[in-house]
Amino acid sequence: MSTADAPATAPSRPAKLGLRRKIKAYVALTKPRVIELLLVSTLPTMIYAERGFPSIGLIIATLVGGAFAAGSAGAFNCYIDRDIDRLMRRTENRPLVTGEVTPREALVFSWVLGIASLAILWFGANPLSAVLGAGAIFFYVVVYTLVLKRRTAQNIVWGGAAGCFPVLIAWSAVTNTIEWPAVILFLVIFLWTPPHYWPLSMRYGEDYRNAQVPMLGAVAGAKIVAVQVVLYAWAMVMASLLLVPLGHAGWVYTLTALASGAWFLYESHALYARAQREEIQDKKAMKVFHGSISYLTLLFLALAVDPFVGGPLLG
């Protein structure tokens, strides 16, 4: 896996880094905030699949293996996108831009982390979980970063499927299969990703335009983006409710899905209304971005609690 060599104008590498700073640079390559968001969906899905708490060993193996897989994908992404990261204020402090980590070090680190993740999932959970972990890395690195990101404004729609794999990995780790509830949760996150990320791309539209990356929020007007956010938000909320008839969800999950979904729809429609009045500012769009994180956190927290309170609403 390779990209064009770094430009001659790249920042020079610091003469010598302390161990603590070097470790911090490697951690930054993994995009820890993204990992945190992915893990939010993993443990609740395992609890829901088990209808209780799985073994501690299985939980640790799945969480660590999943985190390593996500970290590997993030590090590969930093390696491949190091040329455009130099052009954007949002990413100009990433380790490959500052020179704290060399491209070779980043590439080796990415492979080691990826191989370790698959080994942990294979032996700590089961082969199916490891295969799904490999699929997550492939989608993020190849489908999103290499193929879609620089070519189409729909990049995050399909490339974002990589972020949906943790629920499949979690479910398969517990059941050694993929069932309808896991598919529904995959669909929820798939539909959640565009209204989560497009407001962010509106906020940093100038960055993406400077780097010639066609994120929808950067290349389309606010009215178009707002319409898409509303449509995906409605589809996401409706998909979340499919867990009631098809996934044995109880009243805790159902009420939370309805309440948090209604709140997120309100925020999405508020964004749309401001866009139609041409009153929207890029920073205002971040309210929907942050709201999407709160929505997903509440939904999966309810998913974790649901098996312990009452039974399924529908037989």
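**Reading the terms**

Guide: The buried residues of α9 are Phe-165, Pro-166, Val-167, Leu-168, Ile-169, Ala-170, Trp-171, Ser-172, Ala-173 and Val-174. This is a predicted model, in which local features need pLDDT of at least 70 and side-chain atom pairs count only at pLDDT 80 or more, while totals for chains, interfaces and linings use all residues. Residues are numbered from 1 along each chain as its sequence is written, and side-chain values use heavy atoms, with hydrogens and water left out.

Visitor: Why is helix α9 called largely enclosed by the rest of the structure?

Guide: Buried means under 20% relative accessible area, exposed over 50%, and partly exposed in between (1.4 Å probe, protein chains only). Ten of the eleven residues of α9 (residues 165-175) are buried, so the helix is largely enclosed. Helices are DSSP runs (H or I, at least four residues), numbered from the N terminus.

Visitor: How do you know whether Phe-264 is buried or exposed?

Guide: Its relative accessible area is 1%, so Phe-264 is buried, the limit being under 20%. Phe-264 is found in helix α15 (residues 251-276). Leaving out residues up to four places away in sequence, Phe-264 touches Pro-195, Ala-233, Met-236, Val-288, Gly-291, Ser-292 and Tyr-295. Contact here means heavy atoms within 4.5 Å.

Visitor: What makes a group of residues a nonpolar core?

Guide: The set must consist of buried Ala, Val, Leu, Ile, Met, Phe, Trp, Tyr and Cys residues joined through side-chain atoms within 4.5 Å. The largest nonpolar core has 67 residues, and Met-236 and Leu-243 have the most contacts inside it. Helix α10 (residues 180-203) gives the most to this core, with twelve residues. A second, separate core has 15 residues, including Ala-69 and Leu-107.

Visitor: Why is Leu-246 called partly exposed?

Guide: Its relative accessibility is 42%, which falls between 20% and 50%, so Leu-246 counts as partly exposed. Leu-246 belongs to a nonpolar patch on the surface, together with Ile-178, Trp-180, Val-183, Leu-187 and Leu-242. The accessible area of this patch is about 510 Å², by the Shrake-Rupley method with a 1.4 Å probe, counting only the protein chains shown as cover. Patch residues have over 30% relative accessible area and no salt bridge; nonpolar side chains (Val, Leu, Ile, Met, Phe, Trp, Tyr) are joined within 5 Å, and like charges within 9 Å.

Visitor: What makes Asp-81 and Arg-150 a salt bridge?

Guide: A salt bridge needs a side-chain nitrogen of Lys or Arg within 4 Å of a carboxyl oxygen of Asp or Glu. The N to O distance of Asp-81 and Arg-150 is 3.0 Å, so the pair qualifies. At 0% relative accessibility Asp-81 counts as buried, whereas Arg-150, at 33%, counts as partly exposed.

Visitor: How do you know that Asp-207 and Arg-89 form a salt bridge?

Guide: Their closest N and O atoms are 3.5 Å apart, so the pair is within the 4 Å limit. Asp-207 counts as buried at 2% relative accessibility, while Arg-89 counts as exposed at 56%.

Visitor: How many disulfides does the structure have?

Guide: A search of the whole structure finds zero. A disulfide would need a pair of cysteine sulfur atoms within 2.5 Å. Cys-78 is buried, with a relative accessible area of 2%, and Cys-164 is buried at 0%.

Methods: Helices (H or I, at least four residues) and strands (E, at least two) are DSSP runs, numbered from the N terminus.
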